[in-house]
Amino acid sequence: MVDIGDPRREQRQRRQQQQPEERQARTVSRFKTLFARTVNLGPLENATQIVRRTAEAHKADISTLFVVQQDRLTLAGAYARDARQPLVLPRQQSYPLPWDDASTPPEGIGLTPLVAMTGRPLFIESFEDLRTQPDSTGSWDQSLYPDGVDHPTTGFGCSYAVPLRASATGSPRDTVFGVFTIARRRNRVPFTSLEREAFDIVASHLSDVLLLLLDPKEGHAGSQDRGRHATRLDASPDNLFYPILEIQVSPLAPSSGTKGSSAAGVPRAYRDLIHEVGAGFKRLRVAQHHKVTALKNLGVWLEANMETRPHIEWMVEQGKWSLLLDSFYRWIPFGTGGRRGPVGLGTNRFNKYTLAGSVQGHIDFLREADPREHLSVVVVYDVREFHDLRGTYRRDDPLIGVSSRDFARVAAEVYTGNGVQVYMPRDGVPHVSTPELSYAIRTVEASGGLNVSASHNFPDDNGGKFYNRHGGQAVPPNDQEMADRVATAAFVRRLPFDRALDLNRVSYLDPQIHEAYLSESLRQSLRPEARRASIVLTPLHGSGDSTAGEVMRRAGFDVSLVLEQSTPDGRFPAVPFRAPNPEVPESMALGIEHACTLGADLVMSCDPDADRIGVCARTAENDYQFLNGNEIAVLVTHYKLDQLRRQRRLPATPLIIKTEVTTELLRPIVEEFGGTLLGNLLVGFKYHAEILEQLEHPLPPESARRQMLDGLDREANLQDFVIAVEESHGVLVTSAIRDKDAAGAAMLLAELAAVQRARSRTVVDYLEEIYLRYGYYSNQLCSMIMKGAEGLEAIEKIQHVMRRSPPERIADWRVTTTTDHHDTTGRFGRILSDTDRASRDVLVYNLENGARVILRPSGTEPKNKVYVEVPSSDVLGAGADHEAFLRQKAETDAVAQQIADAFTLQMLDILGILLPRYALRISGLVPLDQRTDFAFQFIPALEKRATAMMANPALVDETSAWIDERLASYGPDARGLVGKAFQQYLDDERRMLTTLSPADAAAERRRLDVMEQAFASR
C-alpha cells in the first residue's frame, strides 16, 4: 500500500517548523485583521461578536473572553459552537496578574482563563512554554500552538489566547481584552481520564449557563436570550465588572458518579492518598464497582475541595474505610423530592456542595418547566445545626456548627446567582414549617421553593426538600426531569448573600403570610363552640409551636407546652434517642408526664418541620394511649365526615385520599358517608398534592399522570376534597396547602377532644366506637435500617429475591395473591421514569386470613419498611361491651405481631442472617448490623460477665459502665433502644427454666437476675 500521507499532519509539521518569530507574526496579523474593529471600543460592547467570531474562525469548541484591568484578570464571556443556550461564566472572581511594573508584561494570561473555566489547575505543567512578548507598538499578543495544533501532552487544541488592548496607547496596566479558545483533539490519540473529564467539564457542561455581557447603556447583564435571563446591575464605573467579579461560579464533580478521577487520573499530590484508600477498601466486603466509584469520586472531591484534604487524611489515619466508602461510593441520591442524609464530607453526604448542585439543578428544571420570564422561589429552613453527635469526624471539622439557616443562605446565593428572586424569612425568624412553605409559594405565586430540613431524622442529618409552583413536590416523570437536571449540573453560579440583599434579589417574607396561613387552619374548625379541652403540646425542639400551638391557642384551647422540648434546638437534646419523630412513642414521654399532672385530654407533638402530628390520648382509666398514624387518620377522617354531614355541608361525593400502606379501615367509613376513597396512592404526600393539582387544573386525557385519578369520577373537582391522610402521621385538611400539615390536624383533634369531653367521653372512646362499628384493624410497621453500600446491596437483594420468588406462606397463613407494582400490566401501567420505578418498588402480599403485608424500601432513609395489617375476624357491633373489644384487639394484635416477625425473619434469611426473635424487639432506629451485634456479641459477653458478678456482686457497677460503653455506638439512650429486646431475652430464658433440674434452674435464675440488675443499674 502506498502511503499518500496525511495533509493535515503535514500542514501541522510545516507550521511547527516555522521559527517562533514567524509564528508570532502570523498570529498577530490574523488577529489584527479579525478584530480590527474591536480596538478602541467601549467595555465589552462587542463581547459576543469577539468570542463567537473567534470560535467560528478557528473551528473551536469553546471560546472565552477575558478582561485585564489594572492588576486583575477576569473571565468576561464564553461561547460554545454547539451551544443551544447561552453559556455559563465559570467564575465570578478575578485573578491577580503577576507583574511588577509597566515594562513587565503579564505571564500566563492564556493559562489563567482556562484555570478559571475548570476551577482546577489541571494544565499547569502543559503550558510551561506559554509566554507573552510585547510587539512593536507597545501592546502585546501571544499565541499557543496556532491554528488548533494539538498540544503533545494535554491533547487539547488550544488555538489562541490573544489579548487586545482597549486603547492604542498606554501601559499593560490598561484594560485589555483577550480571547482564549480550545478545540477538541484532532488526532486519534485517546484522551487520558483526566483530559476527558476536563474537556467534558469545559466543553459539554457549559451549554446551559448564562452568558453575562455588560451593556453600559442599559445597565444590565444581557444574554443571547435577552430579557429572560436579564440581571439588574449598577452601571457606575466602580461596578462596571460587578457580574464578573462577584458571581462566583464553581465546578461540581459529575453528579452521576460515573465520571471522575481514579488514582491514576488525579494530580500526583493525591495519588498516594487515593492508593492508600484503595488498599483500605480491599478489606471491605462490598461490590467492587462501589469501591471503584468511591475512588473516582474521592479524586474529584479532592481536586474540587482541597481544603478538606486534612480531614480525609485523618479518616485514612484512623482506618475509617467503611466511612470513606460510604461517603464517596455514590452521589447522595436525589430521592423523594430532594436530598436527605448525614451531614459530612463527600459526595454521598449533605454539604454545601451537594446542596448547591441540587439547587442548580432545580433552577435548570424550573427554567424548562416555567415559561414565565422571572423565576422566584421561597427558601426556608428548620432548626437543625450539625454537631456530629455520632462522633464521626475530627473536632475541627469545617461543618461543625453549620445550621439549616446557613445552608439556606448557600441555596439563596445559588438561586440569586442565576437571576432567581428569593423570598426568605427575615432575620430573627428561627424556622419556618414545611406546610407554611407550601402555603407561601402559592401566596406569592413563586416558581418553586426549598426547605432545608431533614424532617424527623437524627440531628446529624440534613436535607433539602424542593417544591414546584403549586406548593407540592414533583411526581414522576417530572421528578425524573428535575433529578436529571441535578445530575448534569456541572457548574454552580453563586452571588454573595450580602450582595444579593443589596441588589434586592433577596426579599423577606411578609409577616402577613404567616397570619394568613394560621387563619387558613382556623377556618377548618367544625365546632367553634367546642373549646373545653386541655392540650399538652411538645414541638420536639422544632417549629410546631408557631403553627399547631398558635392555631390551637387562637382557637381558644388551653395549650400547655412541654418546656424542656419547646426551645428551638437542632440537637434535640431533651428528646429520647434524639429522635424527634411523632411515630416514636418514647418521644412523647415528657409530654405524658406533664399531661398526668394536668389531667389533659390530649398530648400532641410535631416533628421539627411541623408537617407530622403525634397524639397520645387520655383513657377512661386516666392514663395515656399512644395513637399510631393509622388511628389518627381514622379519627380525623371520621370526625370531619360526621360533622360535615350533621351540618349538611358534606359534598355530594366527598373525596378522601390515602396511600396504599394506610389502613383499609378508611374504606368502609368512606363508603358509609357516600364518598370516594382514592386509596391506592404510592407512598409520599407529593401524590396527594398531585391529585389536588389535577382536580384544580385537569390534565389532557393523553397524559400518563392522569392514571392517578383512576377510580375517581371525571367530574370531580377541588370542592369535593375533604381530607388526605397517610399512615406516617400525615394529615391535610385544606386544599390551600399542598403538603401534610400538623396545624390543621391539631385543630380538628383538639376539637374532637372537646366534643368528647362534653359527652364525658374520651378520644380513645371515640376510636373504640369506630372499631366496634366497622371492625378492628391491627397495624404493625417494621423498619430495618441497613447502612452504607453494603446496606444498599442488602436492600436490593431482598427486593430482588422477594420479587422473583414470593413467599407461599407467611407464618401460619397461605399467601393468596402477590402484587408487584413494577408490573406494567397492573394498576399503575407503564413505568414513566427511574424515579417512578423507585417509587413503585413495592410488593404486596395478601393472606388467606384477610391480612396483607407490604414491603418497600424507604425513599428518604437507608432502610426497608414492612407494613402489616390484620383485620379482626368479625365486626362486634356498637352494642358490644368493652371487655369483648379488648379480647378481640389482643387476639388480632398477636396475629399481626406473629406475621410481622415471621416475614422479617424470612426477609433476613435472604441475607443469611438468623436473628433470635427477641432481637426483633430492638427499636427500628438501630441498624441491622448492631442488631446482630446485640444478639451474637453483646448478650454472650454479658452472660460471661454474669458469672463473675454472681461470685462478686461488687462487679455490678463495673458491668453497668461496660454496658454503656459497649452499646454507645447504637445511638443516644442505647439502653432504651434495646430495652424491650433485653426484657424479651430474659422472659424467653426464664420460660426455659422449667426444662432444667431444680439446682440448674436456681443457678440460671440467679444469673438472669444479676444480668437484669446490671442492665437496670445506671
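Helix H13 passes helix H16 in a right-handed crossing, a term used where the near helix is turned clockwise from the far one by less than a right angle. The model is predicted, so local features need pLDDT of at least 70, side-chain atom pairs count only at pLDDT 80 or more, and totals for chains, interfaces and linings use all residues. Residues are numbered from 1 along each chain as its sequence is written, and side-chain values use heavy atoms, without hydrogens or water.

H13 covers residues 434–444 and H16 residues 511–522. Helices (H or I, at least four residues) and strands (E, at least two) are DSSP runs numbered from the N terminus. The axes of H13 and H16 lie 10 Å apart, at an angle of about 115 degrees. That makes H13 roughly perpendicular to H16, the word for angles of 65 to 115 degrees. On the H13 side, the residues in contact (heavy atoms within 4.5 Å) include Pro-435, Tyr-439 and Val-444, and on the H16 side they include Ile-513, His-514 and Tyr-517.

E31 pairs with strand E30 (residues 813–820) in the antiparallel sense over 5 bridges, where pairing takes at least two DSSP bridges. Thr-818 stands opposite Tyr-845 in E31.

E31 also runs antiparallel to strand E32 (residues 852–857), joined by 4 bridges. Here Asn-846 stands opposite Arg-852. The hairpin of E31 and E32 has 4 residues between the strands, and Gly-850 takes a positive phi near 90 degrees.

Methods: Axes are lines fitted to C-alpha atoms, for helices over the stretch in contact, and angles run from 0 to 180 degrees between N-to-C directions. Angles under 35 degrees count as roughly parallel, over 145 as roughly antiparallel, 65 to 115 as roughly perpendicular and the rest as oblique.
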